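Open the model in your viewer and show side chains. The stops below say what to select and what is there.

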Amino acid sequence: MKTKNFIIPIAILTLFPHLVFSQSDTNIFPDVKSTHINSRAIDYLKNEGIVEGYPDGEFKPQNSI
C-alpha cells in the first residue's frame, strides 16, 4: 500500500497546516509582529541569547543601536 503512505502525510498537511506552518503573532517580543520584515531574525537572535531586548520586555525595532 504505497499510495496510502503517500496520501496520509498530504492529508495531514492539508487539514492541519498550522502544525507545520505557523504564522501567529506569538513572537518573543510583543512589539514585533509576525508581519515585521525582520521578525524571524529577531526571534532567532533572542533564542540564541544574542539580544535581550529592553527591561519592559519589548524589542523596539525602530530604535537605533
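Select Lys60 and Asp56. They form a salt bridge, with the closest N and O atoms 3.5 Å apart. The rule asks for a side-chain nitrogen of Lys or Arg within 4 Å of a carboxyl oxygen of Asp or Glu. By that rule the count is one salt bridge. This is a predicted model: local features need pLDDT of at least 70, side-chain atom pairs count only at pLDDT 80 or more, and totals for chains, interfaces and linings use all residues. Residues are numbered from 1 along each chain as its sequence is written, and side-chain values use heavy atoms, leaving out hydrogens and water.

Next, select Tyr54, in the segment after α2 (39-47) (helices are DSSP runs of H or I, at least four residues, numbered from the N terminus). Tyr54 is partly exposed too, at 35% relative accessibility. Which residues does Tyr54 touch, not counting those up to four places away in sequence? Phe59, Lys60 and Asn63; contact means heavy atoms within 4.5 Å.

The C-alpha atoms of Tyr54 and Phe29 are separated by 9.7 Å, and the two residues lie 25 apart along the chain.

Note on methods
Helices (H or I, at least four residues) and strands (E, at least two) are DSSP runs, numbered from the N terminus. Buried means under 20% relative accessible area, exposed over 50%, partly exposed in between (1.4 Å probe, protein chains only).
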